[in-house]
Amino acid sequence: MLIFTNRLLTQSPTDAALSGAYTPFSLALNTVQVARTGHTPPQWKVSAPTSMVADDAAIAMLAEVLKGPKPVLVFVHGNNNTPADCFTRCQALEDQFGVAVVGYSWASEGYQPDGSDLAAMVSGGPGTDTGEDSLSGITKDNLKEGWIQSKARRYAQAKVNAQHSTASLARFFRLLAAARVTSVAQPFSVLVHSLGCHFLHYMVDHEAAAASVSLAQNIVLAAGCTGAAKHAGWVTQLNPRGRVYLTFTQADSVLAAARIVDGDIKLGCDPGPDRIVNAKYRYIDFQGAFKMKLGAHRYFVADPGKTLSKQATRLFKNIFSSQEDFSSPDDLKKVYPVGCRVDGTVCYMGAGASEPDSHG
């Protein structure tokens with residue numbers, strides 16, 4: 001599994017090879033190859049570390065993946081994902097959907113650029129600070145507590161780290177586009193999760209970045225942790241060969257907590273009334289889907305030992321594999337149990353935040 005990163009590399013043969021440090025505003029890209037060596041918990045062997053990879057070498061690596069037997073999925077993770085978390089998610093996507101995944105790992109844990117912790121952090125409170133779901137521990141009632149303030153500060157720093165890493169991500173997508181032009185064996189699609197959507201939002205303003213990522217067949221903005229207000233202004237800069245899919249549900253407690261911290265209603269929670277009305281863009285409403293419990297934030301991939309519903313599996317397998325979500329009207333209900341709006345702008349995996357005007 002090929003991983004790109006702007007994290008500084010160490011000599012470790014494990015996930016520690018990707019450090020918590022990075023160089024803000026740098027174009028630098030580093031690469032590693034990753035293989036799973038254990039399952040419970042997942043363990044990783046990291047090999048072939050390449051710091052400051054040259055353009056031609058990076059294009060050759062990407063072209064090799066695109067020449068393989070499987071459709072390619074590029075994955076950009078969200079908030080508070082360690083390198084091991086990134087590897088685990090990439091492996092799960094490969095295992096569950098039959099795609100070849102190329103991951104991009106960035107300094108999302110909310111540390112300073114040199115990898116050191118923020119000053120005067122407070123520990124304590126229920127749960128831990130590990131994992132992408134930890135932010136959901138924030139409520140209006142505990143917002144002033146010291147340990148919650150520490151979580152909020154790390155989240156805010158992760159947003160800054162994303163904004164200061166956009167040059168590297170933009171370069172990655174330019175090189176991916178170049179590799180796609182030179183190697184046409186497989187299409188690729190892009191999956192961006194949670195705070196990764198904030199990362200992508202700021203990346204599209206870089207020269208040629210939006211055009212590069214738009215060489216993808218599909219772009220999936222899953223549980224987007226970026227402001228819903230005026231999202232059309234940047235999302236419509238993405239013009240893939242297929243479609244942009246935006247998933248959302250008000251059951252997402254991580255995004256609800258993020259709103260408490262920074263005040264913005266999140267795209268992956270409620271896109272709001274000003275939605276894009278264009279065949280290139282489809283919102284997927286997961287509200288009330290498959291008895292989804294409050295707290296759902298990573299409903300695009302099954303947790304270990306679990307499986308997705310048949311409809312969700314079909315949906316994500318199709319769009320992650322660079323196909324359409326459904327191929328004919330007869331297939332619509334096999335993917336979207338409650339159908340879609342007449343104009344196709346919204347499809348429903350459950351009862352929905354509002355009733356559809358068509359049941360397909």
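Axes are lines fitted to C-alpha atoms, for helices over the stretch in contact, and angles run from 0 to 180 degrees between N-to-C directions. The model shown is predicted, so that local features need pLDDT of at least 70 and side-chain atom pairs count only at pLDDT 80 or more, while totals for chains, interfaces and linings use all residues. Residues are numbered from 1 along each chain as its sequence is written, and side-chain values use heavy atoms, with hydrogens and water left out.

**View 1. Helix 3 against helix 8.** Helices (H or I, at least four residues) and strands (E, at least two) are DSSP runs, numbered from the N terminus. Helix 3 and helix 8 pack with their axes 11 Å apart and at an angle of about 90°; the two are therefore roughly perpendicular to each other, in a scheme where angles under 35 degrees count as roughly parallel, over 145 as roughly antiparallel, 65 to 115 as roughly perpendicular and the rest as oblique. Ala152, Tyr155 and Lys159 of helix 3 make the contact with Ala258, Val261 and Asp262 of helix 8, where contact means heavy atoms within 4.5 Å. By class, these residues divide into four nonpolar, no polar and two charged, with Ala, Val, Leu, Ile, Met, Phe, Trp, Tyr, Cys and Pro counted as nonpolar, Asp, Glu, Lys and Arg as charged, and the others, Gly among them, as polar.

**View 2. Helix 3 and its buried residues.** Helix 3 (residues 146-163) has 18 residues and reaches 26 Å from its first C-alpha to its last, close to the 26 Å expected at 1.5 Å a residue; the expected span is 1.5 Å times one less than the number of residues. Its buried residues include Trp147, Ile148, Tyr155 and Ala162, and among them are also the charged side chains Lys151, Arg154 and Lys159. Buried here means under 20% relative accessible area, exposed means over 50%, and partly exposed lies in between (1.4 Å probe, protein chains only). The buried residues of helix 3 pack against strand 3 (18-22), helix 4, helix 5 (195-203) and helix 8 (253-262).

View 3. Alanine 185 is found in the loop between helix 4 and strand 8 (188-193). Leaving aside residues up to four places away in sequence, alanine 185 touches Leu66 and Lys67.

View 4. Among the buried residues are Pro83, Cys86, Phe87, Arg89, Glu94 and Phe97. Just after helix 2, glycine 98 takes a positive phi of about 65°. Asparagine 79 lies in the loop between strand 6 (72-76) and helix 2 and, at 9% relative accessibility, counts as buried; residues up to four places away in sequence not being counted, asparagine 79 touches Ser108, Glu132, Tyr155, Ala158, Ser194 and Leu195.

View 5. A cis peptide bond, with omega about -5°, joins threonine 40 and proline 41, and proline 41 lies in the loop between strand 4 (30-39) and strand 5 (42-50). Alanine 48, placed in strand 5, has a phi near 50°, a positive value in a residue other than glycine, and at 47% relative accessibility counts as partly exposed. Lysine 230, in the loop between strand 9 (218-222) and helix 7 (232-235), likewise is not a glycine but has a positive phi of about 60°; at 77% relative accessibility, lysine 230 counts as exposed.
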